[in-house]
Amino acid sequence: TKHIVMFKFREDVSPAVRETAARSFKEGIEALPALIPFIREVHVGLNINPAEKWDICLYSVFDNMDDVRAYSVHAAHKAVASELMKYIAERACVDF
């Protein structure tokens with residue numbers, strides 16, 4: 001199961017805060033497989049194309065939707081995600 005999530009910063013978030021928050025999110029999420037062993041693969045991309053709407057894209061792979069759901073409520077994931085969400089205007093997700 002692929003779990004893709006995209007994030008867009010609020011307009012009032014400064015470029016410096018965006019950079020720090022995005023890098024911190026990337027580092028935190030990409031460290032999660034050491035804490036959540038059922039994550040098969042995880043990558044966070046930071047958008048380099050200002051013509052596009054989304055600022056951050058998370059790509060992850062799990063064995064099934066039960067693992068995606070368990071990941072979504074895992075304390076380590078929630079700690080990392082909650083820090084980023086302070087600055088986010090929109091979130092989009094697709095699981096397939």
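I begin with His3, which has its place in strand E1; strands here are DSSP E runs of at least two residues and helices are H or I runs of at least four, numbered from the N terminus. This is a predicted model, in which local features need pLDDT of at least 70 and side-chain atom pairs count only at pLDDT 80 or more, while totals for chains, interfaces and linings use all residues. Residues are numbered from 1 along each chain as its sequence is written, and side-chain values use heavy atoms, with hydrogens and water left out.

Is His3 buried or exposed? His3 counts as buried because its relative accessibility is 8%, the limits being under 20% for buried, over 50% for exposed and partly exposed in between, with a 1.4 Å probe and protein chains only. Its side chain makes a polar contact with the side chain of Asp95, at 2.5 Å. A polar contact is a pair of N or O atoms within 3.5 Å; within protein, one must be able to donate a hydrogen and the other to accept it, and residues adjacent in sequence count only if both atoms are side-chain atoms. Not counting residues up to four places away in sequence, His3 touches, among others, Leu58, Val68, Tyr71 and Cys93, contact meaning heavy atoms within 4.5 Å.

Let me turn to the core. The largest nonpolar core has 22 residues, of which Phe25 and Ile29 touch the most other members. Strand E1 (2–9), helix H1 (15–30), strands E2 (41–46) and E3 (56–61), and helices H2 (65–73) and H3 (75–85) each supply at least two of its residues. H1 gives the most to this core, with 4 residues. Such a core is a set of buried Ala, Val, Leu, Ile, Met, Phe, Trp, Tyr and Cys residues joined through side-chain atoms within 4.5 Å. Leaving aside neighbours within four places in sequence, Ile29 is in contact with Val42, Val44, Leu58, Tyr71, His77 and Val80.

Finally, the pockets. A pocket is an open set of points on a 1 Å grid over the protein atoms alone, with protein on both sides within 12 Å along at least five of seven lines; lining residues have an atom within 4 Å of a point. The largest pocket is lined by 16 residues, with Phe9, Arg18, Glu19, Asn47 and Asp55 nearest its centre. H1 gives the most to this lining, with 5 residues.

Which residues lie nearest the centre of the second largest pocket? They are His3, Val5, Phe7, His77 and Arg91, out of 13 lining residues. E1, H1, H2 and H3 each supply at least two residues of that lining.

How values were computed: 1 Å grid on protein atoms, 1.4 Å probe; cavity = no way out; pocket = protein on both sides within 12 Å on 5 of 7 lines; lining within 4 Å.
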